[in-house]
Amino acid sequence: MAIIIIDNTEIEVTKKDVKNINLSVHSPNGEVRVSAPKNMKDDDIRIFLLSKMSWIKGQREKFKNQEKIPEYEYISGESHCYFGERYLLNVVHQSSNKSRVEIINNKYIDLYVNEESGKEKRENIMKEWYRKELKSIIPSMIDKWEKIMDLRVKEWGVKQMKTRWGTCNPKAKRIWLNLELAKKPPHCLEYIIVHEMAHLIERGHGDKFKAIMDKYYPDWRNVRKELNGLVIDGM
């Protein structure tokens with residue numbers, strides 16, 4: 001991997017075993033990435049990027065202008081998302097140290113915590129709840145798509161990621177999914193699972209990869225657009 005800087009814009013360049021050069025700008029911070037054929041000359045990559053700078057800047061400006069969700073304090077009255085729906089947080093103080101989180105009346109997220117718990121403690125409890133909820137539905141989705149795509153995922157996990165919705169290690173047949181997906185609509189999670197599983201067949205994002213996605217998840221472009229328009233809010 002190498003970094004090319006054009007007009008004060010850092011661009012991550014990776015040479016891979018692909019036929020075509022692929023350019024992408026990623027939410028939420030507008031990271032620019034390029035995958036290029038192994039035999040493509042650096043000067044040719046730079047010329048290509050120069051021709052695309054207007055588009056790159058436009059995409060980065062979109063991310064910059066997206067409404068930013070303020071940092072959570074994890075206090076009553078805040079709005080929190082859970083699988084694409086918004087709920088009001090209700091912090092319930094208790095003497096017990098046995099914290100828990102519950103959905104109430106499809107409207108509230110009740111967070112039961114010790115009276116002395118601070119913001120960091122409340123945040124960690126919420127994170128672990130999101131992790132548990134996300135992990136409860138991932139296995140059935142992976143199982144579904146293993147059958148459809150005739151693939152095998154040997155290992156999967158959930159972790160916090162700032163710039164990616166998911167990652168894949170094709171050699172180990174392992175995929176990682178962003179904890180933030182617990183806040184997004186379930187079909188967005190499913191799209192990312194299919195996307196990462198497609199990398200078990202094709203490492204890059206070239207025409208072969210797009211053909212795989214077209215075959216198994218024809219609406220992937222619309223879901224990708226929807227997902228990238230949803231701000232990662234730094235849970």
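The reply below begins with the whole chain, turns to the pocket and one of its helices, and ends with several loop positions.

Reply: This is a predicted model, in which local features need pLDDT of at least 70 and side-chain atom pairs count only at pLDDT 80 or more, while totals for chains, interfaces and linings use all residues. Residues are numbered from 1 along each chain as its sequence is written, and side-chain values use heavy atoms, with hydrogens and water left out.

The chain has five helices and 11 strands; helices (H or I, at least four residues) and strands (E, at least two) are DSSP runs, numbered from the N terminus. Taken along the principal axes, its C-alpha atoms fill a box of roughly 65 × 45 × 25 Å. Of the 235 residues, 45% are buried, where buried means under 20% relative accessible area, exposed means over 50%, and partly exposed lies in between (1.4 Å probe, protein chains only). The chain exposes about 13,300 Å², and carbon and sulfur atoms supply 47% of that area; accessible areas come from the Shrake-Rupley method with a 1.4 Å probe, and for residues only the protein chains shown count as cover. Among contacts (heavy atoms within 4.5 Å) with a separation of 6 or more, 49% join residues 24 or more positions apart.

The largest pocket has a volume of about 1,400 Å³. On a 1 Å grid over the protein atoms alone, a pocket is an open set of points where a 1.4 Å probe fits, with protein on both sides within 12 Å along at least five of seven lines, and lining residues have an atom within 4 Å of a point. Grid points are joined across faces, edges and corners, and the volume is the space filled by probe spheres set on the points.

The lining of the largest pocket comprises 42 residues, and S24, H26, H195, H205 and R224 lie nearest its centre. Eight elements each supply at least two lining residues: the strands β2 (9-16), β3 (22-26), β4 (31-37) and β10 (166-169), and the helices α1 (42-65), α3 (186-198), α4 (207-216) and α5 (220-228). The most comes from α5, with six residues. By class, the lining holds 15 nonpolar, 16 polar and 11 charged residues; Ala, Val, Leu, Ile, Met, Phe, Trp, Tyr, Cys and Pro count as nonpolar, Asp, Glu, Lys and Arg as charged, and the others, Gly among them, as polar.

Because 11 of the 13 residues are buried, α3 is largely enclosed by the rest of the structure. Its buried residues include H195, together with E190, E196 and M197. The cover over the buried residues of α3 includes α2 (119-149), β10, β11 (174-178), α4 and α5.

V153 lies between α2 and β9 (155-159) and is buried, at a relative accessible area of 4%. Leaving aside residues up to four places away in sequence, V153 touches I142, E146, K173, I175, M197 and L200. V153 and P170, 17 residues apart in sequence, have C-alpha atoms 9.3 Å apart.

The C-alpha atoms of G30 and K64 are 7.6 Å apart, although the two are separated by 34 residues in sequence.

N105 belongs to the loop between β7 and β8; at 66% relative accessibility, N105 counts as exposed, and its phi is near 55 degrees, a positive value in a residue other than glycine. N106, found in the loop between β7 (100-104) and β8 (108-114), is exposed at 67%. Its C-alpha atom is 7.5 Å from that of Y87, 19 residues away along the chain. D7, in the loop between β1 (2-6) and β2, likewise has a positive phi, near 50 degrees, and is partly exposed at 48%.
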